[in-house]
Amino acid sequence: MAAFDDLIAANREFAADFDLGGFDGVAHAGVAVVTCMDSRIDPLRMLGLHQGDAKIFRNPGGRVTPQALEALVLGVHLLGVERILVVPHTRCAMTTNTEAELRDQVAASAGQDASWQHFDVIADQVVALEEDVASVRSHPLIPKTVAVGGFVYDVDTGLLEQKF
Ligand SMILES: [Zn+2]
């Protein structure tokens, strides 16, 4: 599987001085982040955090999906999460395309029909963020003592702006 050779070689270097063996899975900064899969986002570094500090859940658009809520409930009750950040970002493909446009682009790339593939596009990012923050805050298994914030990350300045 030559496709992975460079990555496995890098992993061997990574593991050579690995010192986190036996480390627990608790979020040591008490932080969970729901954000987009976008490669311009480095969720730990943008918050001054390090490995072991936070639970990170990513998907296209950084949406609070049922799976995200599942992760947050586990994070809050079993893994030390006390602060939750929901972080979509500027120039996100899920906000700048319609579902039809994404289907067309994928179909062109795949060389076959993609009309059956669902894409969870976002018509209004701020409205979606408000709904997502509300769904976390109102979740029956996420206590009011947990701080929940909705932010937009600017991929061109690196700045977070709190909206909710
Ligand atoms: Zn995105």
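User: What spacing do the donors of the zinc ion follow along the chain?
Analyst: Donors here are N, O and S atoms within 2.8 Å of the metal (3.2 Å for Na, K and Ca), and water is not among the atoms, so sites may look incomplete. Along the chain, the donors of the zinc ion are spaced as C-x52-H-x2-C.

User: How far apart in the chain are Cys36 and His89, and where do they lie?
Analyst: Cys36 is in strand β1 (residues 31–36), while His89 is in the loop between β3 (83–87) and α3 (93–96). Helices (H or I, at least four residues) and strands (E, at least two) are DSSP runs, numbered from the N terminus. The pair links distant parts of the chain, with a separation of 53 residues.

User: Which atoms coordinate the zinc ion, and at what distances?
Analyst: This is a predicted model, with residues numbered from 1 along each chain as its sequence is written, and local features need pLDDT of at least 70. Side-chain atom pairs count only at pLDDT 80 or more, totals for chains, interfaces and linings use all residues, and side-chain values use heavy atoms, with hydrogens and water left out. The zinc ion is coordinated by SG of Cys36, NE2 of His89 and SG of Cys92, at 2.0 to 2.3 Å.

User: Are Cys36 and His89 buried or exposed?
Analyst: The classes rest on relative accessible area: under 20% is buried, over 50% is exposed, and in between is partly exposed (1.4 Å probe, protein chains only). By that rule, both Cys36 and His89 are buried.

User: Which residues does Val34 contact, leaving aside its neighbours within four places in sequence?
Analyst: Val34 lies in strand β1 and counts as buried because its relative accessible area is 0%. Its C-alpha atom is 9.4 Å from that of Ala71, which is 37 residues away along the chain. With contact meaning heavy atoms within 4.5 Å, the partners of Val34 are Phe57, Gly62, Arg63, Val64, Ala68, Leu72, Leu85, Val86 and Val87.

User: Which residues does Ile142 contact on the same terms, leaving aside neighbours within four places in sequence?
Analyst: Ile142 sits in the loop between α5 (125–137) and β4, and is buried because its relative accessible area is 3%. Between Ile142 and Ala107 the C-alpha distance is 40 Å, for 35 residues in sequence. The contacts of Ile142 are Leu72, Val73, Ile84, Val136 and Arg137.

**Overall layout**

User: What pattern do the helices and strands follow along the sequence?
Analyst: The protein has five helices and five strands. The C-alpha trace spans about 50 × 45 × 30 Å along its principal axes. Read along the sequence, the pattern is α-β-β-α-β-α-α-α-β-β.

User: What share of the contacts with a separation of 6 or more is between residues 24 or more positions apart?
Analyst: Of the 164 residues in the protein, 35% are buried. Among contacts with a separation of 6 or more, the share from residues 24 or more positions apart is 64%.

**Charges**

User: How far apart are the centres of the positive and negative side chains?
Analyst: Lys and Arg count as positive, Asp and Glu as negative; His and the chain ends are not counted. Each charge is placed at NZ of Lys, CZ of Arg, CG of Asp or CD of Glu. There are 12 positive and 23 negative side chains, and the distance between the centres of the two sets is 4 Å.

User: How many salt bridges does a search of the whole structure find?
Analyst: Side chains of opposite charge can pair when their charged atoms come close. A salt bridge is counted when a side-chain nitrogen of Lys or Arg is within 4 Å of a carboxyl oxygen of Asp or Glu. The total for the whole structure is six.

User: How many residues separate Asp156 and Arg91?
Analyst: Their side chains form a salt bridge at 2.6 Å, N to O. Asp156 is in the loop between β4 (147–153) and β5 (160–162), and Arg91 is in the loop between β3 and α3. Asp156 counts as exposed because its relative accessibility is 52%.

User: Which helix holds both Glu99 and Arg103?
Analyst: Glu99 and Arg103 form a salt bridge, with 3.3 Å between the closest N and O atoms. Glu99 is partly exposed at 21% relative accessibility, and Arg103 is partly exposed at 23%. They are four residues apart, about one turn, in helix α4 (residues 99–110).
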